[in-house]
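Have the viewer open and follow along.

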Amino acid sequence: MNSELLIGIGIGLLLIGLLVLWLLKKPKTSLPVSKVERASEILPQSTPSLPSKAKWSKAFTSWLPLLSSASKDREQWEEALIRSDMGPKLADQLLGDLLKTDMEPKSFFVSRLKEILRPAQSQQLPWESNRPWVCFVVGVNGVGKTSTIVKLGAYFKQMGKKVGVVGADTFRKAAIEQIERGCQMAGIEFFSEKKSDEESEGVDPSSVIFDGLKHFAHCDMIFVDTSGRLHTKKNLMEELKKMKRVADKVQPGAPHDVWLVVDSTLGQNLVQQALVFNEAVQLSGLILTKMDGLSKGGVIFQLFQTLQKPIWFMAHGENVNDISPFESENFVEDLFDLRAS
Ligand SMILES: Nc1nc2c(ncn2[C@@H]2O[C@H](COP(=O)(O)OP(=O)(O)OP(=O)(O)O)[C@@H](O)[C@H]2O)c(=O)[nH]1
Ligand SMILES: [Mg+2]
């Protein structure tokens, strides 16, 4: 082999080497991100933000000794699960799986609980499918319906939506005043029957809905505040059914959604409440309130497992911004304090 050929081969190898080095060092262009399907990206995000340290991270503090010792003691875990209001059925399932798996308890619970709540995070945006989109907000008294509506109104207003609120809780005059004040402060349009002091209490809520929906025909979305109680002995559920029928008369198809507000501090009772409401008015979703006071986190899992309805929002305080879209994975990670604060 003559020397010219050898030099040629040497130069060729050198060039190939340089090319390989250049390719290795070349910054990687990011791949197109496939359609991401997280509620955080489909639900409007703006002012309302999660508290820097999730206020519900206390919910499983009673589990800490067991988690840190990585104990798999059957009796201790059985008690811990029941005490956290998981309910006997779910507690049994979780305990059985925990004892079977090789995973440490913490990783096991984080992964199983995420799995249970994953379908609770809906991928739909129901308020985009109808105009005006009408949503009834229902629940027993004191759970946080009125304050949640004001928070939601402010939330969606920030997204550029035209929001109307109908005050159909005619049980107390104070209730109408409360929501009217809240709406005024948040700059949201409000409607209720304007009657004299004595008459405004006890007005037929269905007639308020009838007029309210007409009044807000120009809006993008209408939230209807309902009562948890009635003046008459009439059954609340029958009254809610009538309210639905009346809404449908004004705008066929309305209400498009019926969201149940549940006070997350109420424990097991709220599961029963949710079943009763669902039976009567076919709920299309849940809102969890008072998450800042949640001490028995298991009830959220029990509620979702029983009802299988999307959880749309969580309210976690008394300020108008204390509301966040529900994100199942983050929620579970916060329960175990896994996310950086
Ligand atoms: N800490 C905390 N308090 C809340 C939250 N949501 C509501 N509240 C409080 O709970 C109380 C009841 O709230 P309302 O909004 O009036 O409840 P409601 O369901 O409309 O009650 P009724 O109209 O009587 O049926 C009020 O003192 C609210 O400030 C929350 O997320 N966290
Ligand atoms: Mg109210």
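Before we start, one term: a residue is near a molecule if its C-beta atom, placed from the backbone, lies within 6 Å of it. Please also keep in mind that this is a predicted model.

With that term in hand, let's begin at the ligand. Ligand 1 is surrounded by 20 residues, and the closest are Asn 141, Gly 144, Thr 146, Ser 147 and Ala 315. Which helix gives the most to this shell? The answer is helix 7, spanning residues 145–158, with 3 residues. Sorted by class, the shell around ligand 1 holds 11 polar, 6 charged and 3 nonpolar residues.

Now step back to the whole chain. The protein has 341 residues, of which 39% count as buried. Its secondary structure comes to 14 helices and 8 strands. Among the contacts with a separation of 6 or more, 79% join residues 24 or more positions apart.

Find helix 13 at residues 298–307 and helix 6 at residues 105–117: their axes come within 9 Å and cross at roughly 40°. That angle makes helix 6 oblique to helix 13, and the crossing is left-handed. On the helix 6 side the contact is made by Leu 113, Ile 116 and Leu 117, while helix 13 supplies Phe 301, Phe 304 and Gln 305. By class, this contact of helix 6 with helix 13 has 5 nonpolar residues, 1 polar and no charged.

Helix 13 has another partner to look at. The axes of helix 12 and helix 13 also come within 9 Å, here crossing at roughly 25°. Why is this pair called roughly parallel? Angles under 35 degrees count as roughly parallel, so the angle of roughly 25° places helix 12 roughly parallel to helix 13. The crossing of helix 12 and helix 13 is right-handed. Helix 12 brings Leu 270, Val 271, Ala 274, Leu 275 and Asn 278 to the contact, and helix 13 brings Val 299, Gln 302, Leu 303, Thr 306 and Leu 307. The residues of this contact of helix 12 with helix 13 divide into 7 nonpolar, 3 polar and no charged.

Next, look at the loop between strand 6 (285–289) and helix 13, where you will find Gly 297. Is Gly 297 buried or exposed? A residue is buried if 20 or more other C-beta atoms lie within 10 Å of its own; Gly 297 has 26 such neighbours, so Gly 297 counts as buried. Leaving aside neighbours within four places in sequence, Gly 297 is in contact with Trp 56, Ala 59, Phe 60, Ser 84 and Leu 335.

After helix 14 comes Asp 337, with a positive phi near 55°.

That brings us to some backbone geometry. Most residues other than glycine have a negative phi, and most peptide bonds are trans. Gln 282 is not a glycine, yet has a positive phi of about 45°. You can find Gln 282 in the loop between helix 12 and strand 6, and Gln 282 counts as exposed because 11 C-beta neighbours lie inside 10 Å. Lys 290, also not a glycine, has a positive phi of about 55° and is found in the loop between strand 6 and helix 13. Lys 290 is buried, with 22 other C-beta atoms within 10 Å.

Finally, look for two cis peptide bonds. The bond from Arg 131 to Pro 132 is cis, with omega near -10°, and Pro 132 is in the loop between helix 6 and strand 1 (133–138). The bond from Ala 254 to Pro 255 is cis as well, with omega near -5°. Pro 255 lies in the loop between helix 11 (236–250) and strand 5 (257–263).

Conventions: Residues numbered from 1 in each chain as written. Chains lettered and ligands numbered in written order. Predicted model: local features only at pLDDT ≥ 70, side-chain atom pairs only at ≥ 80, totals over all residues. Helix = DSSP H or I, 4+ residues; strand = E, 2+ residues; numbered from the N terminus. Buried ≥ 20, exposed ≤ 12 C-beta atoms within 10 Å, placed from the backbone. Contact = placed C-beta atoms within 7 Å. Axes fitted to C-alpha atoms, helices over the stretch in contact; angles between N-to-C directions. Parallel < 35°, antiparallel > 145°, perpendicular 65-115°, else oblique. Left-handed = near helix turned anticlockwise from the far one by under 90°. Nonpolar A, V, L, I, M, F, W, Y, C, P; charged D, E, K, R; others polar.
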